[in-house]
Structure formats: C-alpha cells, structure tokens
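Subject: Handing over a structure

Dear colleague,

I am passing the structure below on to you, together with some notes on what turned up when I went through it. Please read the notes with the structure open beside them.

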Amino acid sequence: VQLQAFGGGLVQAGGSLRLSCDVSGRTVSTYYMAWFRQPPGKEREFVACISWTDDRTAYADFVKGRFTISRDNAKNTAYLQMDSLKPEDTSVYYCAADRHWYSGSYLPKVAQRYDYWGQGTLVTVSS
C-alpha cells in the first residue's frame with residue numbers, strides 16, 4: 001500500500017487549502033485514514049481520522065470547526081479541507097492508513113496505530 005499526499009502550499013491566515021491523499025496498491029483493506037502534522041521543532045500530532053466503512057470521524061480539538069476530513073472510496077482518496085487557517089497550522093501534513101479493524105466506536109488517534117504513511121506535504125500559513 002502506498003500513500004501520496006499533496007495539496008500543500010503557502011496561504012494567508014484565514015484562507016483555505018484542501019489536502020488529498022491517494023491510496024494505491026490497496027490489495028488489503030485499510031479501515032481508517034488519518035491526517036497528522038508535525039509543526040517545526042515539535043512532535044507529530046493527530047489532526048483527524050475517518051473510517052472508510054461508515055464515515056465516522058474524529059478531530060483534534062485545535063481543528064474542530066475549521067478542518068473537515070472526508071474520503072472517496074471509489075477513488076481511494078482521503079481529503080482534508082482546511083478553512084480559517086492560522087499561522088500555527090504551519091506544518092508538514094502526513095496522511096496515514098490503518099489496516100486493522102476495531103470494534104465499537106473506537107477511532108485510532110495515535111500514530112503507532114497506523115501502518116502506512118505518505119511522504120508529507122508542507123502547509124505554510126502566513127500572518
């Protein structure tokens with residue numbers, strides 16, 4: 001399974017960007033997709049995740065109401081719509097896929113749960 005993230009760039013504060021993550025070689029099921037980010041000089045942090053099967057989503061508190069994760073099963077693509085961007089959103093954004101199934105309402109929010117990673121795309125928000 002290979003993931004390719006793209007769509008990053010330079011945007012002014014208050015602007016929007018949409019990131020995409022293409023999943024190829026999906027010969028086995030990947031049940032969850034997520035976006036993580038790594039701000040300059042900081043640890044990688046969870047942003048959002050989505051279940052491929054039922055569209056359940058989860059978000060980090062600092063993006064709730066501003067970012068929206070979605071997926072297109074037919075295209076094997078996940079998206080992250082980012083609105084009302086702030087300078088502190090400046091980061092390298094990574095998409096990730098988890099091939100494990102979890103029962104109940106659990107959605108994986110830790111990087112260690114994810115099996116496949118994209119290469120990252122840089123988002124820079126200017127003030």
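This is a predicted model: local features need pLDDT of at least 70, side-chain atom pairs count only at pLDDT 80 or more; totals for chains, interfaces and linings use all residues.

D55 is partly exposed, with a relative accessible area of 42%, where partly exposed stands between buried, under 20% relative accessible area, and exposed, over 50% (1.4 Å probe, protein chains only). This residue forms a salt bridge with R71, and the closest N and O atoms of the two are 2.8 Å apart. The pair links distant parts of the chain, since D55 sits in the loop between β5 (45-51) and β6 (57-59) while R71 belongs to strand β7 (residues 67-72), 16 residues apart. R71 is likewise partly exposed, at a relative accessible area of 21%. A salt bridge here is a side-chain nitrogen of Lys or Arg within 4 Å of a carboxyl oxygen of Asp or Glu, and by this rule the count comes to six salt bridges.

Residues are numbered from 1 along each chain as its sequence is written, and side-chain values use heavy atoms, with hydrogens and water left out.

The neighbouring position is also worth a look. D54 lies in the loop between β5 and β6 and counts as partly exposed, at 40% relative accessibility. D54 forms a salt bridge with R56, with 2.8 Å between the closest N and O atoms, and R56 is itself partly exposed, its relative accessible area being 22%. The side chain of D54 is also joined to that of S51 by a polar contact of 2.9 Å, a polar contact being a pair of N or O atoms within 3.5 Å, of which, within protein, one must be able to donate a hydrogen and the other to accept it, while residues adjacent in sequence count only if both atoms are side-chain atoms.

Which residues are linked in a network of salt bridges? They are R37, E45, R66 and D89.

As for the protein as a whole, it has zero helices and eleven strands, where helices (H or I, at least four residues) and strands (E, at least two) are DSSP runs, numbered from the N terminus. The radius of gyration of the protein is 14 Å, close to the 14 Å that the globule rule gives for 127 residues, so the protein is as compact as a globular protein of that length; the radius is taken over C-alpha atoms, and the rule is 2.2 Å times the number of residues to the power 0.38. Along its principal axes the C-alpha trace spans about 40 × 25 × 25 Å, and buried residues make up 45% of the 127 residues.
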